[in-house]
Amino acid sequence: MHLARFPRIFAAHLPTPLERLDRLSRELGGPEIWIKRDDCTGLSTGGNKTRKLEFLMAEAEAMGADMVMTQGATQSNHARQTAAFAAKLGMGCHILLEDRTGYAEHNYNDNGNVLLDTLHGGTLARYPGGHDMPGEMERAAEAERARGKKVYTIPGGGSNPTGALGYVNCAFELLAQANNGALRIDRIVHATGSSGTQAGLVVGLKALNANIPLLGFGTRAPQPKQEQMVYDLAVRTAEKLGCPGVVSREDVVADTSYVGEGYGLPREDTIEAIRMFAELEGLLLDPVYSGKGAAGLIDYCRKGRFRKGERIVFLHTGGAVGLFGYDRFLTAGDAATAVAA
């Protein structure tokens, strides 16, 4: 099993830091919390999608694409990093954005990730919630192909077996850092959405027989659907790598208790988690993914589900630029607009 045989464009700042969060650990009074800083991958403020795009954009380039196309929610971190990567390679980039929240504020619809999408030269098309976005993207791609463009389409979140290779590599990287630092990792936790990050991690961990439990805190889908999506992608990723059967269904665990009313809709515990990481550790989370993942981490610590002395690694998937689209939830005195847990 060798990742070197797959096309890859090295754009991320790797390895990302692995840091101990002393003040947060003391505040929660239980496990020793570490953070894997995938908010520091470098491309357009960083984030987890850059790891996936190293393999996806290399595949696009190998296929002779002159345009990439992807889709996501209005404040999609993936869209922003795709537009930045396309700019770096001199490719066109077209992004289909779906309104999954109904928020009408200018900052949500035009600031944050959306501002950077266009700053990197991406063109945008907007759709109301509930659309068949993969179908809309394929129709848009066919229209561009009819005009002579060579379009490479990237699924939402970059989550297919090619993109998941980025998080197989992250699992290898994290284990190497732990070994070099004599760090015993008892558990890895992170926010899970389109499933590529968790699928890649579980394949990498199982392939190396790491024996470290992996827990995804869901950001959108109900638990059965989330776990099945991750498992299905993990199976296909393992097959792509040449190690079929390495992942079992019980290896995929997601807790979707912190989703709240839906994708992109922060709860009070999401906002609390964002404030705690900012005030205790100087770290910025986002209200869609990492904030909900951190809310789960904090709640598990408070309830004793993570035991005192355990070493927990929280994978920070990035997305802080999205805070500028959610300013009304974060302005002093207005946090009550978040949905109660």
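A pocket is an open set of points, on a 1 Å grid over the protein atoms alone, where a 1.4 Å probe fits, with protein on both sides within 12 Å along at least five of seven lines; lining residues have an atom within 4 Å of a point. Grid points are joined across faces, edges and corners, and a volume is the space filled by probe spheres set on the points. This is a predicted model: local features need pLDDT of at least 70, side-chain atom pairs count only at pLDDT 80 or more, and totals for chains, interfaces and linings use all residues. Residues are numbered from 1 along each chain as its sequence is written, and side-chain values use heavy atoms, without hydrogens and water.

**View 1. The largest pocket holds about 640 Å³ of space.** Its lining has 32 residues. R100, G156, G193, S194 and R220 lie nearest the centre.

**View 2. α9 gives the largest share of the lining of the largest pocket, 6 residues.** Helices (H or I, at least four residues) and strands (E, at least two) are DSSP runs, numbered from the N terminus. By class, this lining has 10 nonpolar, 14 polar and 8 charged residues. Nonpolar means Ala, Val, Leu, Ile, Met, Phe, Trp, Tyr, Cys and Pro; charged means Asp, Glu, Lys and Arg; the others, Gly among them, are polar.

**View 3. The second largest pocket holds about 230 Å³ of space.** K206, I212, P213, L214 and D251 lie nearest its centre, among 14 lining residues. α8 (196–207) supplies 3 residues, the largest share.
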